[in-house]
Amino acid sequence: MTDIQGDCEDRFGKVREVLAASLGSADVGASVAVFVDGEPVVDLWGGYVDAARTVAWERDTITTVWSTTKTMTALCALVLADRGELDLDAPVAAYWPEFAVAGKESTLVRHLLGHTAGLPDFTGPIAVDDLFDWPAVTARLAAQAPAWVPGTAGGYHSVTFGFLVGEVVRRVTGRSLGTFFAEEVAGPLGADFHIGLAAEHDHRVAPLIPDPQGDKPPGFLVGVSDSYSEAWRRAEVPAINGYGNARSVAAAQSALVGGGGLLSPAGAERVFEEQFHGEDRVLGAPMRYSLGYRLEGRTCSWGGWGGSVVLVDAEHRMVVAYVMNQVLWDGGYDRGLGAVMAAYDGITG
């Protein structure tokens, strides 16, 4: 049995068992956390930082969580909306005038959050290094024509989501998305999550380990190896390059169930406003999107490529998060979903 560190209330013992089993098979290093009413009831970690299994995963080890970062970006918009500083029903151009071209004049802020804006990808060639130039990449999106009439269809905005929502946040607050998140979300909640990682944290990073099949699947813009660069860590790519662990992910997302008093009850409830329900044009699968999350019943969730997961359950006021360093393309989410189901055993048992 793999050695597991941290704390776990007795009723959630199955979560510990699931993490231990995962670390004994497919995983290298990982963490899992469960928060109820904004308080940790499970905070566990184990395994190793490196593929050679020589350096232990510690309490404050962090790693890239890929698209789980989108939930943090969405949370920033929800906070601003709750404060009355951002109108989700306003045209994007009300905050970002340059956006009102090429058929995007009527695009609403909620279209950006709900993956219905028609900008799921960049037109023309783009390299990973281009993503580090915020003014250039947002200007490119502002000039681009949508792939469909905004608001009429849904398609996963895998990389563009963070720039689109992030630029609106910047126009409203005068701060970059990463700075606003650090000062107004992570700081107040004590969440060790970063969008734009300062050098002082580099020593805590567990480099991602690629899937045995390779660095990235065909058609992917970004691969595991891209996350190794200093430029990647310092940049803000708020759809995909956040750094954290399960504890920090769960702590931040607990804002949606009253954690830290960051959102009013009405402000938190807005996460359940359905934006799209149907066939996702990019993923080719049925999806139900809210304001930045996937909806199912009274839960909202999302995950990151290779396996990281966060789920928020409003009925049980519970957040479950799983973060790992071993990227797996096939069945990668099974590890996190196993932790989610084990958490339900504890909360309902």
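What radius of gyration would a compact globule with 349 residues have, and what is the value for the protein? A compact globule of 349 residues would have a radius near 20 Å, and the protein, at 19 Å, agrees with this. The radius is taken over C-alpha atoms, and the globule rule is 2.2 Å times the number of residues to the power 0.38. The model is predicted: local features need pLDDT of at least 70 and side-chain atom pairs count only at pLDDT 80 or more, while totals for chains, interfaces and linings use all residues. Residues are numbered from 1 along each chain as its sequence is written, and side-chain values use heavy atoms, leaving out hydrogens and water.

The C-alpha trace spans about 60 × 40 × 40 Å along its principal axes. The protein contains 10 helices and 12 strands (DSSP runs numbered from the N terminus, with H or I over at least four residues for helices and E over at least two for strands). Of the 349 residues, 58% are buried (under 20% relative accessible area, with exposed over 50% and partly exposed in between; 1.4 Å probe, protein chains only). Contacts are defined by heavy atoms within 4.5 Å. Among contacts with a separation of 6 or more, 69% join residues 24 or more positions apart.

Apart from neighbours within four places in sequence, Arg110 is in contact with Leu88, Asp89, Arg270, Glu273, Gln275 and Leu291.
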